[in-house]
Amino acid sequence: MPGTLSDHLRWLDAQQARLGGLVRAWAQINSGSHHLEGLRRCTEAVVREFRVLGGDERWHDLPPQVSMNEAGDVVERPLGRAVRITKRPLAPRRILLSIHVDTVYGPDDPFREVTQPDDNTLRGPGVVDAKGGLAIMLAALEAFERSDVASNIGWTVLINPDEELGSPGSGHLFDALAKEHALGLLFEPALADGALVGARRGSGNFTAVMHGRSAHAGRDPGLGRNAISALAEFVLKLNELNDVGAGLTINVGRFEGGGAVNVVPDRAMCRFNVRVTTPADQQAVEMRLQQLVERFNARNGYRFAVQGSFTAPPKQLDAPTLRLLEQVADCGRELGLDLPWRDSGGTCDGNRLAAAGLPNVDSLGPRGGGLHSPEEFLLLDSLTERAKLTAVLLMRLAAGGLEWPAPRNDPRHAQPEPLSDSMSRGRD
């Protein structure tokens with residue numbers, strides 16, 4: 001539907017009530033990362049709205065999440081399904097747009113209700129992270145498809161069900177799709193003041209399980225091997241790696257083991273998160289973890305294992321990504337928005353896309369706050385505000401008014417890995 005840019009922006013302004021209603025409806029469907037039925041219902045509700053765009057819809061079964069339980073056994077947990085929607089796949093230039101449907105709130109979480117405490121605030125689980133982002137992505141693409149430049153570029157939407165877990169099942173979809181697209185747009189929440197995110201630290205989640213040997217603490221303490229003491233020593237060694245000033249932090253968030261105090265404990269477990277700023281720091285941590293595993297396993301009577309990985313590599317600001325941020329900010333100024341960018345310790349699928357070589361802006365979602373807490377809220381006026389921002393960006397790119405990142409010269413990108421409807425690959 002041809003029209004001026006102002007026409008399309010006015011159309012978006014008229015969508016605010018509708019978009020708020022969609023967010024409310026989607027947030028009322030619990031889509032905790034492991035609530036498979038809720039994920040199915042919510043994803044289907046979202047996809048029904050996206051069908052107005054006329055894209056090709058393909059669903060992907062994901063491999064399970066692999067983790068270690070408290071006993072040190074490797075276990076698998078099933079994940080929801082991802083969906084990919086593609087329009088004009090043969091276009092010479094294509095854009096990847098993505099945001100997740102899962103939330104950190106399981107079906108038993110007490111934070112369930114969606115309320116509207118005032119005219120501009122919606123409060124509820126996942127309203128800003130990231131069901132508001134889903135609505136913004138939808139509206140921006142609707143406006144773009146109404147324009148007379150839409151035929152100039154192609155796009156792919158990827159909606160995944162496991163981002164809050166680190167995308168253990170959908171990560172390979174991002175890796176493959178990064179090779180097929182020129183740039184990425186992700187709809188994670190903006191910073192509190194509406195600013196964009198620049199660089200992001202990398203993140204990895206790990207589980208460590210120490211096995212020792214039980215014995216009577218009074219009669220035969222020398223026969224025992226105290227797993228709690230050994231694991232505590234490991235934690236202290238981990239703590240030595242912390243360098244807050246350099247952005248390398250390790251947080252042990254859970255520690256447990258043992259039982260009766262007159263028994264030498266034969267098992268202890270801890271879970272910890274690592275944040276790094278550079279790939280070199282990531283490699284250093286990985287190497288140190290391997291050294292510590294080998295050291296403790298060399299002790300008589302102990303068996304030690306660490307399971308986990310960096311699911312989100314560090315996202316650094318290279319020249320193409322910096323230029324893309326500048327152009328998004330230029331589009332913002334066209335709308336009267338001031339859009340600086342700041343680094344963040346949080347991670348998202350933008351980290352993975354950057355590691356795969358795809359320049360991306362990953363904070364095009366709404367303004368709000370209280371993420372991952374019972375205070376999560378969305379500012380409703382930011383739905384049309386951010387939809388207009390993305391629509392202007394898409395139209396300017398399609399019309400040739402903005403620079404595209406330079407094509408990759410790496411021959412590995414010449415033949416993208418095909419994506420099947422049902423995935424059986426293991427954990428990345």
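Residue L39 lies in helix α3 (residues 36–50), where helices (H or I, at least four residues) and strands (E, at least two) are DSSP runs numbered from the N terminus. The model is predicted, so local features require pLDDT of at least 70 and side-chain atom pairs count only at pLDDT 80 or more, whereas totals for chains, interfaces and linings use all residues. Residues are numbered from 1 along each chain as its sequence is written, and side-chain values use heavy atoms, with hydrogens and water left out. L39 counts as buried because its relative accessibility is 1%; buried means under 20% relative accessible area, exposed over 50%, and partly exposed in between (1.4 Å probe, protein chains only). Leaving aside neighbours within four places in sequence, L39 is in contact with N30, S31, G32, S33, G80, V101, D102 and P161, contact meaning heavy atoms within 4.5 Å. L39 and N160 are separated by 121 residues in sequence and by 9.7 Å in space, C-alpha to C-alpha.

In the largest nonpolar core, which has 69 residues, F50 and M137 touch the most other members. A nonpolar core is a set of buried Ala, Val, Leu, Ile, Met, Phe, Trp, Tyr and Cys residues joined through side-chain atoms within 4.5 Å. Helix α4 (residues 127–145) supplies the largest share of this core, 12 residues. Beyond four places in sequence, M137 touches F50, L97, S98, I99, V157, I159 and F187. A second, separate core of 24 residues includes A208, V276, V293 and F304. Helix α4 also contains A130, and the peptide bond from D129 to A130 is cis, with omega near 10°.

Helix α5 (residues 171–178) is largely enclosed by the rest of the structure, because seven of its eight residues are buried. These are G171, H172, L173, F174, A176, L177 and A178. Their cover includes β1 (56–60), β4 (82–87), β5 (94–100), β8 (154–160) and α9 (349–355). The loop between β4 and β5 holds R88, which has a positive phi of about 55° although it is not a glycine. At 21% relative accessibility, R88 counts as partly exposed.

Helix α8 (residues 319–334) has 16 residues and should span 22 Å at 1.5 Å a residue, which agrees with the 23 Å between its end C-alpha atoms; the expected span is 1.5 Å times one less than the number of residues. The buried residues of α8 are T321, L324, L325, Q327, V328, A329, C331 and G332. Among the elements covering them are β9 (183–186), β10 (196–200), β15 (341–344), β16 and α10 (381–398). Just after α8, G336 adopts a positive phi of about 80°.

D362 is placed in the loop between β16 (360–361) and β17 (368–369). With 0% relative accessibility, D362 counts as buried. The side chains of D362 and K315 are joined by a polar contact of 2.8 Å, that is, a pair of N or O atoms within 3.5 Å; within protein, one must be able to donate a hydrogen and the other to accept it, and residues adjacent in sequence count only if both atoms are side-chain atoms. Not counting residues up to four places away in sequence, D362 touches L186, F187, E188, V197, R200, K315, C348 and G350. In the loop between β17 and β18 (377–379) lies H372; H372 has a positive phi of about 60° although it is not a glycine, and its relative accessibility of 45% makes it partly exposed.
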